[in-house]
Amino acid sequence: MRTRPLYCLPILALLITAVNTAGGQDADSQAAPTDLVLTVGKSLIVDSSSPIERVAAGFGDMVEATAIGPREVLLSGRAPGVTSLVIWQKGGVRKLFDITVLASKAISDSLVAGIAAQLQRELPGQNLDVSLENGTVFLRGTVKDIMSADRAVAIASTLGKIVNLLYVDVPPPEPQILLKVMFASVDRNTSSQLGLNIISTGAGNTIGSVNTGQFPSPSLTIPVSGATPVTVADALNLFLFRRDLNLGATIQALEVKGLLQILAEPNVLAENGKRASFLAGGEFPFPTVSSVGGGTPAVSIQFREFGVRLGFLPTITARGTIHMEVTPEVSALDFTNGLTINGFNVPAMTTRKLNTQVELSEGQSFAIGGLLDNRTTDTIEKIPFIGDIPILGRFFQSKSVSKTNTELIIIVTPELVRPIPAGQPAPELKFTTPFLKPNTGSYPRTPGLDATGPVPVKPPHDSMPVERLMESLQLPGAKVPLGQVPAAPSSSPAIQPR
């Protein structure tokens with residue numbers, strides 16, 4: 001057996017030591033990172049056991065790393081967040097650090113206190129709480145209406161991203177507006193007619209008739225026997241005939257006076273911001289001619305409304321007044337100016353309507369529409385040349401004079417009304433002749449609370465999330481209608497809905 005030399009043992013020992021040293025360096029470089037907590041605006045010094053060759057920070061916007069010596073690194077917090085730090089030591093060893101930068105509590109508390117003071121100043125008497133956690137603003141509490149909630153969110157959003165956790169008191173019922181309207185219309189007309197027709201049955205073998213054509217004259221019939229009878233189809237007002245002179249005359253002398261008065265006082269009730277309409281009148285058939293296959297005309301019947309119509313849209317303004325869009329209309333059938341189509345007598349319509357906007361306080365009145373219409377129509381018809389002869393020409397003229405006078409006025413008065421309280425008698429109509437008593441002993445009606453039991457008269461929750469209230473009120477974009485009447489602050493604690 002051969003023996004190895006003893007001088008090989010020191011070389012083997014040096015190799016084993018070098019391997020162990022390299023293994024230790026790799027183990028240090030893969031060690032778990034160290035956690036460091038830093039506050040914005042403050043600094044921290046990290047010591048190193050070996051000289052530092054290089055330093056690197058993950059996000060320079062959150063933390064700033066500066067080597068202030070061979071074995072010291074200064075960390076300064078800039079913004080809240082999480083990042084990492086790597087330090088390379090001499091010999092290739094790496095040190096890893098996980099750095100958490102927290103917001104400065106003093107700064108955040110100061111900002112939150114300022115916002116809370118602004119909320120109390122702008123929304124006094126309302127339960128509001130604002131907090132800032134990791135850069136996110138949480139707004140909690142209960143406000144009286146959606147407008148207050150929007151204002152609170154606008155103020156708190158100056159801190160950053162906001163989470164709205166507000167509750168809103170259930171609003172009271174909308175106020176109801178009663179619009180009292182008075183239509184007063186007076187139509188007066190006067191007409192006078194004067195005309196003369198001269199006829200002869202054949203004096204001097206001459207058959208004749210003189211008229212201006214404005215009024216119908218009697219017709220003459222010539223029989224075979226030679227006699228000339230007269231057929232009086234329209235004797236007008238006066239008819240004269242002299243047998244000895246064989247001369248007659250029909251005279252139209254008529255004076256007509258008419259008076260038409262219309263008074264309507266409709267009352268329309270509507271909620272705040274809701275449209276309402278009223279119609280007292282009727283409908284009349286209106287024929288419409290249309291062509292079908294082959295070009296054959298066909299008549300279809302449509303119905304048109306007429307009468308006293310009223311439409312209005314009330315809105316309570318922030319000033320406490322009532323802004324109204326009012327559209328009154330008065331229409332009637334006019335058979336004088338009608339048409340006859342395919343045997344149908346189609347009347348025309350006289351319409352007087354108005355579309356305006358007014359703003360009144362409760363109980364005030366406004367004359368929003370007035371119309372004064374005076375018309376005079378003078379028609380003279382005469383026979384040329386003969387009708388121009390002085391004095392004698394009067395017998396060859398006819399005259400018709402018509403005068404009309406129309407007056408219309410509309411007066412509106414808005415009022416805020418409340419329902420009749422339960423238990424009080426409702427207003428009853430008085431009839432000239434009483435009706436028969438009912439067979440049941442009392443008028444049929446739906447059973448009251450004494451039979452059906454009580455019903456809830458208050459909302460199930462005193463407050464609810466803003467989103468749920470917006471959904472129930474169907475307010476797109478969380479916009480409150482102009483004149484929203486806020487609810488009074490509730491003295492009872494808010495109940496969180498399930």
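This is a predicted model: local features need pLDDT of at least 70, side-chain atom pairs count only at pLDDT 80 or more; totals for chains, interfaces and linings use all residues.
A residue counts as partly exposed when its relative accessible area falls between the buried class, under 20%, and the exposed class, over 50%. V299 has a relative accessible area of 37%, so V299 is partly exposed. This residue is found in strand β19.

Start with the whole chain. It has five helices and 25 strands. There are 498 residues, and buried ones make up 27% of them. The accessible surface comes to about 33,000 Å². Carbon and sulfur atoms hold 57% of that surface. Now take the contacts with a separation of 6 or more. Residues 24 or more positions apart account for 63% of these.

Return to V299 and look around it on the surface. V299 belongs to a nonpolar patch with V289, I301, F303, L339 and I341. Together these residues have about 530 Å² of accessible area. Two elements give two or more residues to the patch: β19, residues 297-316, and β20, residues 322-341. Strand β19 provides the largest share, three residues.

Next come the charges. Side chains of opposite charge can pair when their charged atoms come close. A search of the whole structure finds seven salt bridges.

R309 forms a salt bridge with E329, and the closest N and O atoms are 3.7 Å apart. R309 lies in strand β19 and E329 in strand β20, so the pair links distant parts of the chain, 20 residues apart. E329 has 19% relative accessibility and counts as buried. The cut-off for buried is under 20%.

R319 counts as exposed, at 61% relative accessibility. E359 is partly exposed, with a relative accessible area of 34%.

E64 pairs with R78, and their closest N and O atoms are 3.1 Å apart. E64 sits in strand β4, residues 63-69, while R78 sits in the loop between β5 (72-77) and β6 (81-89), so the pair ties together parts that are 14 residues apart in sequence. Both ends count as partly exposed: E64 at 34% relative accessibility, R78 at 45%.

Aromatic rings close the tour. R54 lies over the face of W88, at 4.0 Å from the ring centre. Rings can also pair with each other. A pair of aromatic rings is described by the distance of the centres and the angle of the planes. A search of the whole structure finds two aromatic pairs. One of them joins F431 and F435, 5.0 Å centre to centre. Their planes stand 75 degrees apart, and the pair is edge-to-face. The cut-off for that class is over 60 degrees. F435 is exposed, because its relative accessible area is 63%.

Key:
Residues are numbered from 1 along each chain as its sequence is written. Side-chain values use heavy atoms; hydrogens and water are left out. Rings of Phe, Tyr and Trp (its six-membered ring) pair if their centres lie within 6.5 Å; planes under 30 degrees apart count as stacked, over 60 as edge-to-face and the rest as tilted. Buried means under 20% relative accessible area, exposed over 50%, partly exposed in between (1.4 Å probe, protein chains only). A charge sits over a ring if NZ of Lys or CZ of Arg is within 6 Å of the ring centre and within 35 degrees of the ring normal. Patches are made of residues with over 30% relative accessible area and no salt bridge: like charges are joined within 9 Å, nonpolar side chains (Val, Leu, Ile, Met, Phe, Trp, Tyr) within 5 Å. Accessible areas come from the Shrake-Rupley method with a 1.4 Å probe; for residues, only the protein chains shown count as cover. A salt bridge is a side-chain nitrogen of Lys or Arg within 4 Å of a carboxyl oxygen of Asp or Glu. Helices (H or I, at least four residues) and strands (E, at least two) are DSSP runs, numbered from the N terminus. Contact means heavy atoms within 4.5 Å.
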